[in-house]
Amino acid sequence: MRSRARILGLLLLSFLAGSAAYAQQQNSATGPSDIVKRGEYLARAGDCIACHTAPEGRTFAGGRAMPTPFGTLYSSNITPDRETGVGKWTADDFYVTMHRGRFPDGGLIYPAMPFASYTKVTRADSDAIFAYLKSIPPVNQKNREHDLRFPYNNRELILGWRTLFFTEGEFKPDPGKSAEWNRGAYLVEGLGHCGMCHSPINALGGTSQSDAFKGGLIPMQNWYAPSLTSNREAGLGDWSIQEIVDLLKTGVSARGVVYGPMAEVVFNSLQYLTDEDTRAMAVYLKGIAEPAPRPPAATTLPSTESSLLISLGKTVYDNKCATCHGAQGEGKTPGWPPLAGNQSIEMESAVNPIRMVLNGGYPPGTAGNPKPYGMPPFAGQLSDNEVAAVVSYIRTAWGNRGTAVSAREANELRSAPLD
Amino acid sequence: MVAIGVVSVLCAALGRRVRMRSAIVGLAWGLSIQAFPVSAQTSGQPPDTMAARVEACTPCHGKEGQGTSDVYFPRLAGKPAGYLYNQLLAFKNGRRKYPPMNYLLEYLSDPYLQDMAGYFAEQRPPFPAPAASDVSPQILQQGQALVSRGDPARQIPACGSCHGPGLTGMEPGIPGLLGLRPNYVSAQLGAWRYGTRTAKGPDCMQQVAARLTEADVTAVAAYLASRPVPINAAPAPKGSYVLPFACGSEPD
């Protein structure tokens with residue numbers, strides 16, 4: 001019995017030794033580029049480039065200005081330049097930055113860097129991203145000092161924010177869910193840092209766990225980031241997995257199109273993810289959507305004022321919109337999105353439909369949809385009344401159950417920032 | 001606590017690039033299979049043409065890029081494709097600042113911008129007749145002198161030395177100057193002068209415009225806008241003439 005066990009043990013040992021040798025061979029055959037490639041991919045998933053590359057600037061050399069009412073922040077150089085970048089950092093330093101939101105010297109990082117999400121990234125993934133960053137060409141470009149006014153230039157204030165809203169910790173898979181769901185959750189909650197926009201920001205500028213992915217107006221940008229959990233907003237519970245995958249990967253789908261800030265995310269990040277990862281995100285996103293009953297149709301009789309509004313809205317619609325979106329709001333998918341039964345047209349916040357009428361927009365150009373169709377901006381052609389009328393019309397026509405909007409709301413969004 | 005709150009609002013508010021909340025517009029769910037059988041969906045797709053793809057440009061620039069009644073929105077039709085592409089790139093990258101344009105182009109690929117440029121370069125809608133000028137004959141004369149001869153004493157070249165003897169521009173990067181309205185021309189010359197409009201270095205147009213006075217700008221814009229457009233308004237082929245100085249927009 002003992003000898004049999006020993007033989008088995010030896011066999012196992014030799015098998016293990018063999019596979020270790022095999023693994024080593026694999027590593028040396030493909031070299032360190034494997035980890036670099038994986039890091040590049042993960043850096044895409046984290047959309048690092050969106051902030052760490054300035055317009056017409058060198059890749060990852062930072063210096064992108066982020067204006068705020070309190071001053072301007074400038075993103076940092078994350079190329080491996082020893083003097084001005086992360087050239088002297090170790091993988092440990094990088095992990096501490098990602099995981100704890102602190103510089104190698106212990107300094108506090110403004111939570112504009114989404115470390116509250118990146119804290120969920122595994123050590124192995126953090127190391128891969130760092131290996132990739134070490135492999136790119138170094139750029140000698142000094143970080144620009146943030147230009148924040150007193151008292152916002154006091155970094156110690158970040159401590160308060162951290163106490164309230166930052167929980168350190170890597171992603172913990174939910175054993176009750178599939179591997180695919182967990183992979184999706186890891187990407188959405190971690191590198192994807194979707195919660196930075198899709199979670200409401202409370203009065204103290206943070207997001208509470210219970211409100212995760214419930215949507216909210218983006219400060220400074222005046223776009224509404226719809227809830228990812230409510231099917232009355234951008235909740236994807238009623239969508240097929242393929243439709244969600246199409247939207248994330250190409251920017252357009254049979255059910256909808258991304259515009260505005262989400263176009264950036266698809267353009268720089270999501271379109272590069274593998275089919276498996278996109279699918280995992282779709283599975284997770286569909287899974288977190290909670291069914292929400294549609295609001296009852298309006299029961300009160302329309303007032304004279306609102307019927308005038310709607311009738312003006314129909315006139316505007318027939319003149320300006322129907323050619324593409326169809327007389328019944330049916331659209332021509334995926335290029336010209338339908339408006340009838342459209343969650344983002346009907347949802348409580350009318351910010352996005354108003355802004356689309358005023359500013360128009362192009363979905364992102366992606367490998368899957370390289371030549372998107374664009375929506376014209378109507379700010380110069382339509383008065384505040386006409387904008388309010390046509391948005392009220394599309395929110396209430398064809399069985400849509402949104403509410404009317406006022407000329408004042410339309411007027412206020414004329415000055416919403418576009419850059 | 002309040003201060004912390006404000007800072008944290010700030011931190012969360014760095015939304016512009018930081019991570020932008022999604023704006024998903026166009027999420028539709030009401031289309032039933034019965035209403036749109038597969039064949040109908042196929043025929044229901046938008047036309048596979050550039051004209052349909054550049055609909056977004058037309059409220060300001062006209063259906064064929066001929067311009068609209070707004071005097072600050074230029075005609076695009078027939079300008080050299082290279083020039084139009086450079087402008088689209090400059091708007092995309094934010095070098096040329098006009099937020100409605102910057103916003104529209106930000107997430108489009110360079111090859112697609114090239115297609116858009118090519119599309120408008122090929123359009124040939126008729127030019128409108130030059131509008132009657134509201135400036136004095138003296139100012140028009142001053143404009144004519146600057147456009148046709150420049151002012152060597154101030155190192156101002158004649159417009160035609162770069163924009164062509166017929167002022168119709170040259171492929172690939174130099175635009176024609178006729179068929180544009182005075183407000184647009186003077187706004188652009190002003191922007192070059194003040195450095196709010198720039199191009200790849202050497203930035204020849206900025207160098208020239210910096211030597212112009214405000215009165216020069218008014219005169220040049222008025223004179224150019226008063227000129228009829230020749231029957232053949234196409235830009236001259238690449239290399240038709242030698243530029244008097246190096247220009248980043250028209251590499252050798």
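Trainee: What should I know before I start?

Mentor: The model is predicted, so local features need pLDDT of at least 70, side-chain atom pairs count only at pLDDT 80 or more, and totals for chains, interfaces and linings use all residues. Residues are numbered from 1 along each chain as its sequence is written, chains are lettered from A and ligands numbered from 1 in the order in which they are written, and side-chain values use heavy atoms, with hydrogens and water left out.

Trainee: How many disulfides are there over all chains?

Mentor: A disulfide is a covalent bond between the sulfur atoms of two cysteines. Here the test is two cysteine sulfur atoms within 2.5 Å. The whole structure has one. C204(B) is joined to C247(B), with S to S at 1.7 Å. C204(B) sits in helix α11 (residues 204–210) of chain B and C247(B) in the segment after α12 (214–226), so the bond ties together parts 43 residues apart in sequence. Helices are DSSP runs of H or I, at least four residues, numbered from the N terminus.

Trainee: Are C204(B) and C247(B) buried or exposed?

Mentor: Both are buried. Buried means under 20% relative accessible area, exposed over 50%, and partly exposed in between (1.4 Å probe, protein chains only).

Trainee: How do I read a salt bridge?

Mentor: Side chains of opposite charge can pair when their charged atoms come close. Look for a side-chain nitrogen of Lys or Arg within 4 Å of a carboxyl oxygen of Asp or Glu. R38(A) is in helix α2 (residues 33–45) and D125(A) in helix α6 (residues 123–135), 87 residues apart. R38(A) is partly exposed at 36%, while D125(A) is buried at 6%.

Trainee: Which residue forms a salt bridge with D216(B)?

Mentor: R154(B) does, at 2.8 Å from N to O. D216(B) lies in helix α12 of chain B, and R154(B) in the loop between α8 (137–149) and α9 (160–163), 62 residues apart. D216(B) is buried at 3%. R154(B) is partly exposed at 31%.

Trainee: What does A121(B) touch?

Mentor: Contact means heavy atoms within 4.5 Å. Not counting residues up to four places away in sequence, A121(B) touches G78(B), K79(B), P80(B), A81(B) and L84(B). A121(B) is in helix α7 (residues 110–122) of chain B.

Notes:
Helix = DSSP H or I, 4+ residues; strand = E, 2+ residues; numbered from the N terminus.
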